[in-house]
Every structure is written in C-alpha cells, then in structure tokens.
Amino acid sequence: MNEAAQKNDILVRIVPPLAALMLTVLFAVLGNWQLNRAAEKEALAAMFQDDAPHVSISGISEVTPFQRISARGCFLGEQQILIDNIIRNSRVGYFVITALEYDSGQPLLIVNRGWIEKPRDLNTLEDIGVADDWRSLQGRAGNLPRVGIRGGEAFMNGNAWPRVSVYPTLADVSTQLGREVLPYALLLGADEDDGFLRNWQPRQAGPMMHYGYAFQWFALCLTVIVISVWQLRKKRGLHR
C-alpha cells in the first residue's frame, strides 16, 4: 500500500468516529441546555404565581422578576409615553407609560398603566390624564416590551406629549424625560386606580417547548450513537 493510500485509510478509520463523537457531545450539550431553559421558565412561572406581600420600593436594593412591590409618590402626568404596536385581542393599541416620582432625590419609577386601543386619529385618543396628587400603588416588577430588531428611532412624534414610541428601552425613556429611571418598570396591579387593560403574563414560550426541543436533541444524540455502533460492528464483521 502506497503512502497516499495509507493516509486515506487512516482518514477513513479516524474521521467518521471523531465526527460522530463531536456530534454526540454537541447534541447532548444542546439537549441539556434546553432542559436548563425549561427549568428557568418553570422558576419564572413560579415567581409570577408567588403571592408574597408587597415590598415597599424604598426598601428594595434589587428586585427579582415579577416581585410584588409597592410605591408611594406622584405621577408625572404631563410627560407620558405611548408604546405603539401592542396587540391585544387582535387589536392594535398602546401601552400607557407614566413616570412616578417617589423621592425627588431618587430615579423615577416607570409605571406601565396598561393597554388602550389605538384610534385612527391621535387627537381622539382615550383620555390618559392622571392627577398629580400623592398616592400609593402596587404591582409587579417587570420590563418594557422588547423586540429583537427595531427599525428606526424609538420616538416618532417630535416634542409633543404624550410621546409615541416603538419598543423604547428604559434608557430611551430616561432621555425623553430628562431624568434617571430605575432599571425596571412597575406593571400596575389589576385592582389599582388610573389603569387600563391589564392582564400581565410572562411574554414568552412555556417550558414544554424547551422539553420538546430537548427530546429532539437527545433523539439525534441517540441516533448518532446507534449508527456509530452499527457501523463499527459492520466493519469488524468485514475484517473477520
């Protein structure tokens, strides 16, 4: 056997088992990652169902997802934000975002007051006005709605209030208000006054999707192992 044939024979004997090993490890890692994601989703759902007492915002250094919190302050009703393209019950509308000042020396708390339907003309918008008196309110810690890719700027209607926006970040909101804001939003409780349509739920796929993906990855892993064992036994049979 010449040198080229020997090299080719080595490659034929080494490359397929090595590739099979790499695929087996890869599929096993991906399956395990999906199991971990499923566990995270289950933990998140448990947090949302948690009925622990509300904790005052003044005593919180760091919040957990969907933590029940309370605050006392006044709304900045003259500077409100409408987050556009929010779908509820197959209708397009806005989330009404209002900042709450609970301490003049602290960042503002951004409050999502709920959903309203989008009118044909912004001049006929449902009344979103709110009194600037001091009040106590409760809700859950959350985030502003997010999208993978946002085309263009976050805010669209110049300097007019309420500002209309498309998936702004808290940093975008902070810039518009000219004030620092807390790193989370308050999802206003369903029983609180001055709110709109509210049915807060984790906006993501549940754990069963990840269990399904995990099953697929582990099935591929098992398939590679079965094929590799079959090929190995076949080769051994041919050399007997």
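Let me begin with a term: a disulfide here is a pair of cysteine sulfur atoms within 2.5 Å. By that criterion, a search of the whole structure finds zero disulfides. What we have is a predicted model, in which local features need pLDDT of at least 70 and side-chain atom pairs count only at pLDDT 80 or more, while totals for chains, interfaces and linings use all residues. Residues are numbered from 1 along each chain as its sequence is written, and side-chain values use heavy atoms, with hydrogens and water left out.

Staying with cysteines, Cys-74 is buried at a relative accessible area of 13%, and Cys-221 is buried at 9%, where buried means under 20%, exposed over 50% and partly exposed in between, with a 1.4 Å probe and protein chains only.

Now to strand β5, residues 108-117, strands being DSSP runs of E with at least two residues, and helices runs of H or I with at least four, numbered from the N terminus. Nine of the ten residues in β5 are buried. Two strands pair if DSSP finds at least two bridges between them. On one side of the pairing list, β4, residues 91-101, runs antiparallel to β5 over seven bridges, with Thr-98 opposite Val-111 and a hairpin of six residues joining β4 to β5. Strand β8, residues 181-188, pairs with β5 in the parallel sense through four bridges, and there Leu-108 stands opposite Val-181.

Finally, consider helix α1, residues 3-49, which is where Ile-14 lies. Ile-14 is partly exposed, with a relative accessible area of 45%.
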